[in-house]
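Dear colleague,

Please find the structure below, handed over for your files. My notes follow it.

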Amino acid sequence: MKTEKILEVKHLKKYFPAGRNRLIKAVDDVSFDIYKGETFGLVGESGSGKSTTGQTIIRLYDATDGEVLFHGENVHAKKSRAEKLKFNRKMQMIFQDPSSSLNPRMTVLDIIAEGLDVHHLVKNEKERKERVEQLLEAVGLNKEHATRFPHEFSGGQRQRIGIARALAVEPELIICDEPISALDVSIQAQVVNLLKKLQKERGLTYLFIAHDLSMVKYISDRIGVMHLGHMVELADSEELYKNPVHPYTKSLLSAIPLPDPEYERGRTRITYDPSIHDTSEEPKFREIRPHHWVRCTSKEFEQYKKELGE
Ligand code: ADP
Ligand code: MG
């Protein structure tokens, strides 16, 4: 278990205005920590607030409320340009759709070197080119690719370019927002393996966002499950798979097919019915076992504990 907190998300809220007196509570009181060197998986169906959480952490949005601490420093309190730049360098993001996040009119060289330029990390054109070539090789491409344009690459290769761009500024934390969802299944594992390799080599920390639990289990140390802006369950990956507590987590898990005929015969798809919840009080995030948290009322907490045999 890793112990040094790199990121602390505390009661984070991000509301969007939606017409007259209406608000979309995209992220509604979400708290979790990420430890240095780990992969924290964030899962939940489309619209549950995962991307908004990632984008608010990285300051693409101002938080409506709550705090984000990076190495104990409040990210959102920093105002000066120099301080913003510092955080921008330490935290990078990789997006779902590499085609739309890479400027089609720029060469791969200029795309990857953008961060090097912004942060003045290279002295001259030669060094700039060398750094980009090293990065291309680090992500499994080759240096001849530097002069080409994004459309000349396959989806998997474009995602590698996105990864190289993020790595260029030597970040500590990378927010990977569904980095493999748009790729062919045959390519997904390659990109995941590349991310794992880079993590090992460079001591990177990942927030890995996904809408299903299948690949996340393989890559994550811990997993947080989001539903309608709330984090409903958080546990070590093993624990979450073996002992899911929240009915929403159970339904997500029941959707994963496994290459095991016996399991498949016994697998029944559970649909989540939010109306089963106890409404006698406001649910809270409670620790049901060490490091295993679930959002529930006190009554549900007792019921879940019984189910777990606690
Ligand atoms: P996810 O990544 O889990 O699919 P999102 O964070 O993208 O979820 O979206 C959460 C909710 O916030 C959705 O209802 C979405 O429509 C809404 N939302 C996201 N971004 C914006 C925005 N910029 N303006 C208004 N509503 C938004
Ligand atoms: Mg999203």
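**Strands and sheet**

Lys-13 has Asp-28 in E2 as its bridge partner. This is a predicted model, in which local features need pLDDT of at least 70, side-chain atom pairs count only at pLDDT 80 or more, and totals for chains, interfaces and linings use all residues. Residues are numbered from 1 along each chain as its sequence is written, chains are lettered from A and ligands numbered from 1 in the order in which they are written, and side-chain values use heavy atoms, with hydrogens and water left out.

Tyr-15 stands opposite Lys-25 in E2. Strand E1 (residues 5–17) and E2 run antiparallel and are joined by ten bridges. The two strands form a hairpin with five residues between them, and Gly-19 in the turn has a positive phi of about 75 degrees. E2 and E1 also belong to an open sheet of four strands, ordered E2-E1-E4-E5, with antiparallel pairing. Its edge strands, E2 and E5 (73–74), each pair on one side only. Pairing here requires at least two DSSP bridges between two strands; helices (H or I, at least four residues) and strands (E, at least two) are DSSP runs, numbered from the N terminus.

**Ligand 1**

Which residues are around ligand 1? They are Phe-16, Ile-24, Ala-26, Glu-45, Ser-46, Gly-47, Ser-48, Gly-49, Lys-50, Ser-51, Thr-52 and Tyr-61, where a residue counts if one of its heavy atoms lies within 4 Å. By class, this shell has four nonpolar, six polar and two charged residues. Nonpolar covers Ala, Val, Leu, Ile, Met, Phe, Trp, Tyr, Cys and Pro, charged covers Asp, Glu, Lys and Arg, and the others, Gly among them, are polar. Strand E2 (23–35) and helix H1 (50–57) each supply at least two shell residues, and H1 gives the largest share, three residues.

Oxygen atoms of ligand 1 lie 3.0 Å from a polar backbone atom of Gly-49 and 2.7 Å from an N or O atom in the side chain of Lys-50. A nitrogen atom of the ligand is 3.2 Å from an N or O atom in the Tyr-61 side chain. The cut-off for such polar contacts is a pair of N or O atoms within 3.5 Å. Taken alone, ligand 1 exposes 560 Å², of which the protein buries 64% (Shrake-Rupley method, 1.4 Å probe).

**Whole chain**

The protein has twelve helices and twelve strands. Its radius of gyration, taken over C-alpha atoms, is 21 Å, close to the 19 Å that the globule rule gives for 310 residues, so the protein is as compact as a globular protein of that length. The rule is 2.2 Å times the number of residues to the power 0.38. The C-alpha trace spans about 65 × 50 × 45 Å along its principal axes.

Regards

Technical notes: A polar contact is a pair of N or O atoms within 3.5 Å; within protein, one must be able to donate a hydrogen and the other to accept it, and residues adjacent in sequence count only if both atoms are side-chain atoms.
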